[in-house]
Amino acid sequence: MIDDGRNAISSSGARFFEKNINDSDYHDLVAFNFTDPCAEIPRLRNLFFNLSTFPPDTSSDNVVGFIISGFPSAAQNYDLASERKLDVVKVIATCQLDGPRQPADEALLRLKPCRPIPFNPDGMSGGPAYVIQLINKQPHAYFAGIVVRANEDYVYIVRSGFVRKFLESCVVPTITPIAYD
């Protein structure tokens, strides 16, 4: 939705994993291609992440916390029948690592909200997660991953390195012609 909901753009395609590869939440990722709309309307580029920097590996002592955001279903107002109204509510929460109780799936990271989430977080999936890390004792923010599951007590994200790997697998390499003398 753009222009305060007066217009909408759609993707020119999507990439995803085949169904039933395995039970990893990593295989739930979907990438939508908005290249054509962004080429046609350049101001749309500001609506998308530039995933060129990823968090460096560090010990958990250097992780200050996480910020997640999304659009939980319970907070939305989709009254298109009577009021023809579409109110979209974005929710932001702070989290911390859930210590050593991490999932066996290496693609996932389990976070614990700093305060219990006061709403049903269903619908937060697909929202970004950011990590605040100390580097040389200075805080830096990085894209940490994508929310894939959440409840009132825990948030699960697919780690940014796995998101990067997935996105790289979606990009069709450009073939550069070779000039021969």
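Reply: Two strands are said to pair if DSSP finds at least two bridges between them. Please keep in mind throughout that this is a predicted model.

Me: Which residue stands opposite Ile 68 in β8?
Reply: The strands β3 and β8 are paired in the antiparallel sense, with 5 bridges between them. Within that pairing, the residue of β8 that stands opposite Ile 68 is Ala 129.

Me: And which residue stands opposite Ile 68 in β6?
Reply: The strands β3 and β6 run antiparallel and are joined by 5 bridges. The residue of β6 that stands opposite Ile 68 is Ala 93.

Me: How many of the 8 residues of β3 are buried?
Reply: A residue counts as buried when its relative accessible area is under 20%. The strand β3 is largely enclosed by the rest of the structure, because the number of its 8 residues that are buried is 6.

Me: What is the order of the elements from the N terminus on?
Reply: The secondary structure of the protein comes to 2 helices and 10 strands. Read from the N terminus on, these elements follow the order β-β-α-β-β-β-β-β-β-β-β-α.

Me: How many residues does the largest nonpolar core have, and which of them have the most contacts inside it?
Reply: In soluble globular proteins, nonpolar side chains tend to be buried together. Here the largest nonpolar core has 17 residues, and those with the most contacts inside it are Phe 66, Ile 68, Leu 111, Val 155 and Ile 157. At least two residues of this core come from each of the strands β3, β6, β7, β8, β9 and β10. Apart from this core lies another, among whose residues are Leu 29, Phe 143, Tyr 156 and Val 163, but for the largest core the answer is 17 residues, with Phe 66, Ile 68, Leu 111, Val 155 and Ile 157 having the most contacts.

Me: Is Arg 110 buried or exposed?
Reply: This arginine is found in strand β7, which covers residues 108-113. Since buried means under 20% relative accessible area, and Arg 110 has a relative accessible area of 15%, Arg 110 is buried.

Me: Which side chains make polar contacts with the side chain of Arg 110?
Reply: Leaving out residues up to four places away in sequence, Arg 110 touches several residues, including Leu 97, Gln 102, Pro 103 and Val 155. Another polar contact, of 3.2 Å, joins the side chain of Arg 110 to that of Tyr 156.

Me: How far apart are the closest N and O atoms in the salt bridge between Arg 110 and Asp 98?
Reply: Side chains of opposite charge can pair when their charged atoms come close. In the salt bridge that Arg 110 forms with Asp 98, the closest N and O atoms are 2.6 Å apart. This pair links distant parts of the chain, with Arg 110 in strand β7 and Asp 98 in the loop between β6 and β7. Both Arg 110 and Asp 98 are buried, and the distance asked for is 2.6 Å.

Me: Which residues are linked in a network of salt bridges?
Reply: Asp 98 also meets the side chain of Arg 101 in a salt bridge (3.0 Å, N to O). Arg 101 counts as exposed because its relative accessibility is 52%, whereas Asp 98 counts as buried at 4%. The residues linked in this network are Asp 98, Arg 101 and Arg 110.

Me: What is the phi of Asn 136, and what is that of Lys 137?
Reply: Most residues other than glycine have a negative phi. Asn 136 and Lys 137 are both placed in the loop between β8 and β9, where Asn 136 counts as exposed at 72% relative accessibility and Lys 137 is exposed with a relative accessible area of 76%. Although neither is a glycine, each has a positive phi, which is about 55° for Asn 136 and about 65° for Lys 137.

Methods:
Residues numbered from 1 in each chain as written. Predicted model: local features only at pLDDT ≥ 70, side-chain atom pairs only at ≥ 80, totals over all residues. Heavy atoms only, no water. Helix = DSSP H or I, 4+ residues; strand = E, 2+ residues; numbered from the N terminus. Buried < 20%, exposed > 50% of the residue type's maximum accessible area, 1.4 Å probe, protein only. Polar contact = N/O pair within 3.5 Å; in protein donor to acceptor, adjacent residues only side chain to side chain. Contact = heavy atoms within 4.5 Å. Core = buried A, V, L, I, M, F, W, Y, C linked by side-chain atoms within 4.5 Å. Salt bridge = Lys/Arg side-chain N within 4 Å of Asp/Glu carboxyl O.
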